[in-house]
Amino acid sequence: IVNLSLIVNPIYNDTIIAEICNGETYSQYGFNVNTTGFYTQNLQTIKGCDSIVCLSLVVREPIKVNLTMVTVDNNNNNVVVWDKDEVVNHYNIYRESNVANQFDLISTVSFDSASMYVDTNSNPTIKAYMYKISTTDTCLNESELSPFHKTMHLTISQGMGNNWNLSWTPYVGTNYSTYNIYRGINTLDSLQFLTTISSNNTSYTDVNVPSGYVYYQVEIIIDTTQSKANENSIRSNYATNNPLGIVNYSETDIITKLYPNPTEGKAKLEIEGLSSDADVFVYDMIGRVIQSHRINQGNKVLDIDLSGYAKGVYSIRIINDRINQTKKLIVQ
C-alpha cells in the first residue's frame, strides 16, 4: 500500500499599483506598457505553477493650471497670479513677445513660493500685456500653456476746461460686468472711488475735476468662485498728467533700511534723516494698502509684522514732503 499525500498549490494572484512619468515604460514582472490602464500577466513559478500578476498603472501627465488674474501693483508693475493645485516642480511664466501670439518664457517660480510673479520688466503705462502659464511636474515634463490673460491699458487726455477723458483696453481672461474708476488729486495715495460703469464701455469723461495733478485707475472685480485665492481685484495701470509720472524719489540725506529681508513675517524699517513725520504704507501683492503707520521724526525704527499674511512680495512705501520711496519686502 502506497500512501500519497498530495498538495495542490493555489494560483498565485497579486495586483501591483504603480505610477510612472509620461514618456517612461513600466517593464517589471514581464510588463512592457506605457499608458494608463489595468493589465494582466500570466507567469509560472519555478515549479511550473501558474501565477497571475495584475498591474494597475497610472501615467502621470503634467498638471495644467490657469491664470487667476494679472493686475498692477503700486509701482506700476504687472503682477501675475494663479491658484496652486497639486504638487508640481515649478511654474513657468510666459509673456507675449514682439511677435503676435508668440509667447516667451520670462521666469519660473518654484512650487513652495507664493503663487504670484511680479514682472518688474513690464511697463503697463505704455501698452497692454498678454501672459500664459504652464507647469513642470516632478518628472520634469512641461504641461501645455494655459489660455492667455490680457491686461487693461489706461490712457487719459484733457478735454474742455477741467474735463478729463479716460480710455482703456478691456481685460481679457475672466468674466466681469462692471468697471470701477478711481481718481486722485496731486498724490497717488489720494486715489478714491469715483464711479462704476458697465463693462460694455471702455471710455469715460470725468467732468469738473479739481485743479492739480490727476491720477486715475480702472478696476474690475471677478467672481471669487473663479479663484481659490482671496484676491479678486484686477487693476489697470495708473495714468496721470504729472510729468514725473509714478516715480519714487528720496533725498540723499535720508537713509532707509529694511531688514531682515527676506523674512518669515516680522521686519524692521529703519529711517535716518527725517526732519518731519512720515507715513508708511504697506501694500499687498496687487497694490492694496493693508497697513498704515505713522513714524515720528524722533523715531528711527518701525516694526512691521506681516506674519499673519500670505507668503509673497510686499511693498513698503515711506512718504512725506521730502521722501517718496518704496522698498520691497519678501515674506517666505
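Biologist: Of the contacts in the chain with a separation of 6 or more, what share comes from residues 24 or more positions apart?
Modeller: Such residues account for 57% of those contacts, a contact being a case of heavy atoms within 4.5 Å. The model is a predicted one, in which local features need pLDDT of at least 70 and side-chain atom pairs count only at pLDDT 80 or more, whereas totals for chains, interfaces and linings use all residues. Residues are numbered from 1 along each chain as its sequence is written, and side-chain values use heavy atoms, with hydrogens and water left out.

Biologist: And how many helices and strands are there?
Modeller: The chain has zero helices and 26 strands, where both are DSSP runs numbered from the N terminus, helices being H or I of at least four residues and strands E of at least two.

Biologist: How much of the chain is buried?
Modeller: Of the 332 residues, 44% are buried; that word stands for under 20% relative accessible area, with exposed for over 50% and partly exposed for the range in between, using a 1.4 Å probe and protein chains only. The accessible surface is about 17600 Å², and 47% of that surface belongs to carbon and sulfur atoms, the areas coming from the Shrake-Rupley method with a 1.4 Å probe and, for residues, with only the protein chains shown counting as cover.

Biologist: Which residues touch the most other members of the largest nonpolar core?
Modeller: Those are Trp82 and Leu269, in a core of 60 residues; a nonpolar core is a set of buried Ala, Val, Leu, Ile, Met, Phe, Trp, Tyr and Cys residues joined through side-chain atoms within 4.5 Å. Another core lies apart from that one and has 10 residues, among them Ile16, Ala18, Tyr26 and Leu57.

Biologist: What is Trp82 in contact with, leaving aside its neighbours within four places in sequence?
Modeller: The partners of Trp82 include Leu67, Tyr91, Ile93, Val109, Met116 and Ile133. Trp82 also belongs to one aromatic cluster, together with Tyr91 and Phe111.

Biologist: Let's stay with the rings. How many aromatic pairs are there, then?
Modeller: There are eight in the structure, counted where the rings of Phe, Tyr and Trp (its six-membered ring) have centres within 6.5 Å, with planes under 30 degrees apart called stacked, over 60 edge-to-face and the rest tilted. Tyr91 and Phe111 make a stacked pair, because their ring centres are 6.4 Å apart and their planes stand at 25°. Tyr91 sits in strand β6 (residues 90–96) and Phe111 in the loop between β7 (103–110) and β8, so this pair ties together parts that are 20 residues apart in sequence.

Biologist: Is Tyr91 buried or exposed? And what about the Tyr309 and Tyr314 pair?
Modeller: Tyr91 is buried, at 1% relative accessibility. The rings of Tyr309 and Tyr314 have centres 6.4 Å apart but planes at 70°, so that pair is edge-to-face. Tyr314 is buried at a relative accessible area of 2%, while Tyr309 is partly exposed at 35%.

Biologist: Switching to sheets, in what order do the strands of the open sheet with β4 run?
Modeller: The order is β4-β5-β8, with antiparallel pairing, where two strands pair if DSSP finds at least two bridges between them. The edge strands, each pairing on one side only, are β4 (67–72) and β8 (116–119). From one strand to the next the twist averages 15°, with axes being lines fitted to C-alpha atoms (for helices, over the stretch in contact) and angles running from 0 to 180 degrees between N-to-C directions. Strand β5 (residues 78–82) is joined to β4 by five bridges, and Thr71 has Val79 in β5 as its bridge partner.

Biologist: And which strands are at the edges of the sheet with β11?
Modeller: In that open sheet, ordered β11-β12-β15 and antiparallel, the edge strands are β11 (154–158) and β15 (203–206). The twist here averages 20° from one strand to the next. Five bridges connect β11 with strand β12 (residues 164–168), and Ser157 stands opposite Asn165 in β12.

Biologist: What is phi of Asn208 near?
Modeller: Phi of Asn208 is near 55°, a positive value in a residue other than glycine. Asn208 lies in the loop between β15 and β16 (214–221) and is exposed, with a relative accessible area of 65%. Asn186 also has a positive phi, near 75°; this residue is in the loop between β13 (178–185) and β14 (192–198) and is partly exposed at 43% relative accessibility.
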